[in-house]
Amino acid sequence: MTQTTSGAPKPATPTIIAQQQHVAETLPFADRQDFEDAHRGFIAALEPCVVRDENGRVVWDNDSYAFLAGDAPDSVNPSLWRQSQLNAIQGLFEVVPGLYQVRGLDGSVMSFIEGERGVIVVDPLVSKETATAAMALYRAHRGDRPVTGLVYTHCHPDHFGGARAVLDQADVDSGTVPVIAPAGFTEHAVSESVFAGTAMARRAGYMYGAVLDRGPRGQVGIGLAQTISTGAITFIPPTVDVTETGQELTVDGVRFVFQLAPDSEAPAEFQFLLPDFRALCMAENATHTLHNILTLRGAVVRDAHAWSKYITEAIDMFGDQTDVVFASHNWPTWGHDRAMKFLAEQRDLYGYLHDQTLRMLNQGMTGIEIAEVFQMPPALENAWHARGYYGSVSHNVKAIYQRYMGWYDGNPVNLWKHPPTEAGSRYLRYMGGADAVVAKAREDFAAGDFRWAAEVLSHVVFADPDHEDARELLADTLEQLGYGAENGTWRSSYLSGAHELRHGSFGTPTVTASPDMFAQLSAEQWFDALAIRVDGPRAWDENLTLRFDLTDLGQAYRVTLRNGVLSHTSSAAATDADVTLTLTMPALTALLAGQIPPEEFADAGIKLDGDAGVLGRLLGVLDEPDPDFAIVTP
Ligand SMILES: [Zn+2]
């Protein structure tokens with residue numbers, strides 16, 4: 001990729017400045033309750049709030065957000081600025097006596113529930129290093145309590161990645177400390193990083209703005225938190241599954257009542273009441289932002305309808321026993337009445353999005369049309385926690401359309417469109433060539449129509465990626481869209497696009513798949529993971545059959561490559577094979593991870609019977625995913 005000469009971020013244009021002023025004048029900035037809540041119960045801060053890994057590399061630096069003081073600068077939407085100020089408040093806080101939180105030490109919040117003998121930890125942050133810092137901060141002020149339980153509210157890495165800072169291997173081996181999670185947790189935790197992991201990680205680099213400088217013209221926060229730490233993601237599998245709503249557990253003398261919420265913010269998630277504390281944990285289903293029905297990094301579309309109903313169920317089941325509601329992001333809400341108002345508004349937020357999108361799509365509107373006219377009721381529009389800092393009304397509405405209707409909007413014109421490069425060259429031919437388009441786009445940029453300027457300039461860049469003026473103006477345009485965005489992930493995405501147009505690809509700055517997680521893959525998941533790496537055209541003349549006898553599991557699989565498809569079965573009848581490998585599951589994991597070359601098979605305890613060349617032919621048709629694929633350029 002070629003690089004443009006200039007590179008520094010530019011100032012906000014008058015259009016954006018006027019837009020920011022409008023936001024400052026129309027939203028209820030005089031309401032400072034959230035600041036009171038985000039500071040309430042403060043015990044101590046981590047100073048400096050910088051966490052390093054064992055090699056001294058900084059994996060978390062909350063102090064880099066010290067610029068978030070005073071009123072918003074022209075280049076940041078005042079509403080996002082306010083949210084970032086709140087999320088950057090860090091330290092150890094008391095929620096109620098015996099219940100504590102460490103906030104601002106990572107992209108999520110870690111909670112501590114004190115029991116009779118020790119402390120139960122809920123959601124140990126993203127990485128081992130930040131979780132270690134959080135444990136130390138907690139213990140410095142609450143004593144050196146042993147960990148008597150570990151709870152994962154759901155299967156996203158920001159809720160389990162620091163597990164090995166909480167429990168050591170002896171705890172895990174002895175099994176004396178329960179590790180509690182919703183049913184389906186491990187399968188979902190690992191499956192996301194297997195199938196689409198490479199593409200999601202590349203796109204996550206955009207939405208989190210990992211390579212952007214922190215500052216008024218750079219990354220200011222992602223709405224749900226400030227950013228994600230970049231330390232070691234670890235994994236300890238759960239030992240206790242919560243399988244039904246209403247299930248109760250007593251851990252270290254602390255009573256939990258669970259409510260399962262599958263297919264809400266995560267495929268495996270639960271909420272729980274601590275009746276003795278009159279505290280309700282909503283996991284990630286009621287936070288101080290409109291959340292994502294479909295996250296910008298990509299995911300399976302979530303169910304807004306179910307999400308809303310789980311909040312209703314929580315109010316019904318736990319409402320009269322709740323005096324404070326907390327989550328694994330942002331700050332708690334205290335007082336029964338305020339907590340119930342908060343939950344009711346969160347429920348209505350997801351319910352309204354769902355129902356109105358369906359109403360409008362049944363009138364024939366498409367996702368892009370619904371998003372353009374969709375308006376939240378005034379009460380939700382003015383509730384800070386319901387604003388779109390992480391999810392947005394615009395992209396959530398399109399996600400709900402997608403969940404029910406798919407990618408196709410029903411207009412056959414859109415059935416068979418040219419891809420971006422081919423379309424771009426044709427647009428340019430009709431519009432008088434690249435220079436003419438750039439000249440017109442410059443007028444739209446000056447007039448503040450950044451959405452349109454971005455669209456036409458993208459046609460130029462895809463048709464003619466070396467057109468310097470087009471690239472530069474597209475970067476400037478995306479930058480203005482970023483400055484104006486209330487949503488933290490939109491801002492990061494726009495500014496990341498501008499960054500790549502100016503400086504070239506930054507690839508995938510943060511890799512989330514870790515060895516601990518790969519060790520959790522089942523044989524089936526490994527074969528599935530291999531299957532999606534088979535280069536179809538290269539493999540479609542191959543006809544191979546391999547048998548894997550897993551001695552430690554007492555299980556056998558037959559894997560067949562035919563017509564470019566790698567399929568597997570554990571059927572007892574499927575015995576014939578070109579080659580049979582007899583090995584253990586850890587050896588299979590190492591073999592398929594490419595860690596054992598054939599000459600070391602014997603040493604690794606792998607026995608091979610039959611045509612030895614078959615394994616090599618299978619590995620030979622596997623493709624490597626590309627963590628550096630282009631996004632804003634062809
Ligand atoms: Zn989370």
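What arrangement do the four donor atoms around the zinc ion make? You're looking at a predicted model, where local features need pLDDT of at least 70, side-chain atom pairs count only at pLDDT 80 or more, and totals for chains, interfaces and linings use all residues. Residues are numbered from 1 along each chain as its sequence is written, and side-chain values use heavy atoms, with hydrogens and water left out.

Select the zinc ion. Its protein donors (N, O and S atoms within 2.8 Å of the metal, or 3.2 Å for Na, K and Ca; water is not among the atoms, so sites may look incomplete) are Asp158 (OD), His159 (NE2), Glu284 (OE) and His329 (NE2), at 2.0 to 2.1 Å. Their angles run from 82 to 172°, so the arrangement is irregular.

Now click Asp158, in the loop between strand S8 (147-151) and helix H5 (163-166), then Glu284, in the loop between S14 and H9; the pair ties together parts 126 residues apart in sequence. (Helices are DSSP runs of H or I, at least four residues; strands are runs of E, at least two; both are numbered from the N terminus.) Asp158 is buried at 13% relative accessibility, and Glu284 is buried at 2%. Buried means under 20% relative accessible area (1.4 Å probe, protein chains only).

Last stop: select S12 (residues 254-260) and S13 (residues 270-274), antiparallel strands joined by four bridges. Here Leu260 stands opposite Phe270 in S13.

Note on methods:
Two strands pair if DSSP finds at least two bridges between them. Four donors count as tetrahedral if all angles lie between 85 and 135 degrees; four count as square planar and six as octahedral if opposite donors are over 155 degrees apart and all others between 65 and 115; anything else is irregular. Buried means under 20% relative accessible area, exposed over 50%, partly exposed in between (1.4 Å probe, protein chains only).
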